[in-house]
Amino acid sequence: MTDTIRLQPATDVSFAAPQVDYMVLGPQAALPPDVLAAVVFGDSDAGLADTRCIRVHLDPLWGHGLAELWRAAGPVVTGRDGAVRFAADAEHLAGVIELDEREHGGLAASAERAYETIRRFQSQSPHPHLLRAWNYLDGINRGSADEERYKQFCLGRARGLGAGLPLRYPAATAVGRRDGEPRLQVFWLASRYPGAPLENPRQVSAYRYPRRYGPAAPSFARAMLVSQRLLMISGTASIVGHASHHPGCLTAQIDECIANLESVLAHANALRPGTSHGWGERSLFKIYLRERDAAGETAAHLAERLPRGARYLILEADICRSELLIEIECVHGHG
Ligand code: 3EB
């Protein structure tokens with residue numbers, strides 16, 4: 001079952017969507033003034049002194065030294081509000097919250113606190129609409145049954161977001177670091193305008209997953225159509241319906257991920273008729289790969305499956321179900 005979603009009026013309005021790019025940042029490089037956020041991976045020192053820089057301890061396996069830059073469409077204002085730091089232009093806001101799990105009573109309580117804080121911050125912001133969230137935590141598969149950390153994270157996130165309507169959930173990614181630091185990192189993109197959340201016809205909506213996957217279903221949308229020109233697809237794995245497919249077979253999981261990504265893209269394109277919007281140079285893929293040694297095989301397989309010009313970054317990470325070997329997210333812009 002997927003929800004039928006119509007484009008909300010604001011999504012039909014042409015406004016300047018932020019531009020996303022993968023770029024090499026030099027070690028001492030100052031971030032350009034029009035940057036909303038720079039996400040830096042692994043232990044690189046790039047951009048470190050700047051409050052707009054977000055460091056994620058996931059080792060790059062492909063695309064070393066690339067940072068993900070979110071460029072604003074106008075003057076950028078930066079600020080802090082309690083645990084939240086943010087940068088915004090007139091239309092979009094990038095926010096970050098990082099909590100030490102030990103200071104908030106564990107992971108579930110930290111996730112609840114993080115999302116409650118985000119919800120409150122957003123509700124008072126000129127950019128109230130949450131579009132996309134990234135969640136990084138250590139040891140995502142640690143713990144068994146309902147105590148598994150990903151499930152605890154989902155429980156806290158669901159509580160923190162409150163009884164919010166599923167139609168308000170952002171697109172998301174939640175993957176595991178291996179740095180042993182009990183730190184929950186959440187960063188997000190919000191807008192003055194609502195986006196159109198999309199589901200994937202091949203998959204059960206995550207917020208309707210059955211009980212066996214945890215005490216609270218994951219609160220996210222499969223994708224967010226930010227504007228006519230910008231689609232943000234959530235972390236996408238080898239899941240059909242609600243079940244994991246192809247345990248133990250990486251290339252089959254990659255193909256299933258791509259089938260899911262294409263299904264979401266086709267669904268998005270059906271909502272914005274007139275032009276075809278295939279993958280291209282403005283498609284940025286981020287691949288989370290469990291097995292470090294499989295990076296070469298993964299890159300080779302992706303090169304066969306994705307069009308030339310599509311750009312990707314491979315990061316070593318744990319995926320939220322232990323049988324999943326890979327997860328792929330995409331920012332798809334054009335024009
Ligand atoms: C899945 O489809 C795979 O909990 O925020 C993908 C993207 C996944 C986001 C999240 C989880 C999340 O269920 C896992």
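## A loop residue with positive phi

Let's start in the loop between strand S16 (243–244) and helix H4 (250–270), where His-246 lies. This is a predicted model, and in it the phi of His-246 is near 60°, a positive value in a residue other than glycine. His-246 is partly exposed, because its relative accessible area is 30%, a value between the 20% limit for buried and the 50% limit for exposed.

Ala-145 also deserves a look. You will find Ala-145 in the loop between S9 and H3. Its phi is positive too, near 50°, and again the residue is not a glycine. Is Ala-145 buried or exposed? With a relative accessible area of 56%, Ala-145 is exposed, since the cut-off for that word is over 50%.

Now move along to helix H3, which covers residues 149–161.

H3 is mostly covered, with 11 of its 13 residues buried. Among them are Tyr-150, Phe-153, Cys-154, Leu-155 and Leu-161, as well as Arg-149, Lys-151 and Arg-157. What do the buried residues of H3 pack against? Their partners are helix H2 (107–123), strand S9 (129–138), strand S10 (171–177) and S11.

## Strand S9 and its two partners

Of its 10 residues, 9 are buried, so S9 is largely enclosed by the rest of the structure.

S9 pairs with S11 in the antiparallel sense, over 7 bridges. For example, Ala-133 has Trp-188 in S11 as its bridge partner. S9 is also joined to S10 by 7 bridges, and these two strands run parallel. Here Asn-135 stands opposite Ala-174 in S10.

## Two cavities inside

Rolling a probe the size of a water molecule over the atoms shows where empty space is left. How many cavities of 30 Å³ or more are there? The count comes to 2.

The largest cavity holds about 80 Å³ of space. It is lined by 13 residues, and those closest to its centre are Thr-51, Arg-52, Arg-85, Phe-86 and Ala-87. Strand S2 (35–41), strand S6 (77–81), strand S7 (84–88) and strand S8 (92–100) each give at least two residues to this lining. By class, the lining of the largest cavity has 7 nonpolar, 4 polar and 2 charged residues.

The second largest cavity has a volume of about 70 Å³. S2, S8 and strand S11 (183–191) each supply at least two residues of its lining. This lining has 10 nonpolar residues, 1 polar residue and no charged ones. Its residues include Trp-70, Trp-134, Phe-187 and Trp-188, along with Ile-54.

## A lining residue up close

Let's finish with Ile-54, which sits in strand S3 (residues 53–56). Ile-54 is buried, because its relative accessible area is 3%, and buried means under 20%.

Which residues does Ile-54 touch, leaving aside its neighbours within four places in sequence? Its contacts are Ala-37, Ala-38, Val-39, Val-40, Arg-85, Val-96 and Phe-187. Val-96 is 42 residues away from Ile-54 along the chain, yet their C-alpha atoms are separated by 7.8 Å. Ala-37, Val-39, Val-96 and Phe-187 also belong, with Ile-54, to the lining of the second largest cavity.

Note on methods: Residues are numbered from 1 along each chain as its sequence is written. This is a predicted model: local features need pLDDT of at least 70, side-chain atom pairs count only at pLDDT 80 or more; totals for chains, interfaces and linings use all residues. Side-chain values use heavy atoms; hydrogens and water are left out. On a 1 Å grid over the protein atoms alone, a cavity is a set of points where a 1.4 Å probe fits but cannot get out, and a pocket is an open set with protein on both sides within 12 Å along at least five of seven lines; lining residues have an atom within 4 Å of a point. Grid points are joined across faces, edges and corners, and a volume is the space filled by probe spheres set on the points. Helices (H or I, at least four residues) and strands (E, at least two) are DSSP runs, numbered from the N terminus. Ala, Val, Leu, Ile, Met, Phe, Trp, Tyr, Cys and Pro count as nonpolar, Asp, Glu, Lys and Arg as charged, and the others, Gly among them, as polar. The expected span of a helix is 1.5 Å times one less than its number of residues. Buried means under 20% relative accessible area, exposed over 50%, partly exposed in between (1.4 Å probe, protein chains only). Contact means heavy atoms within 4.5 Å. Two strands pair if DSSP finds at least two bridges between them.
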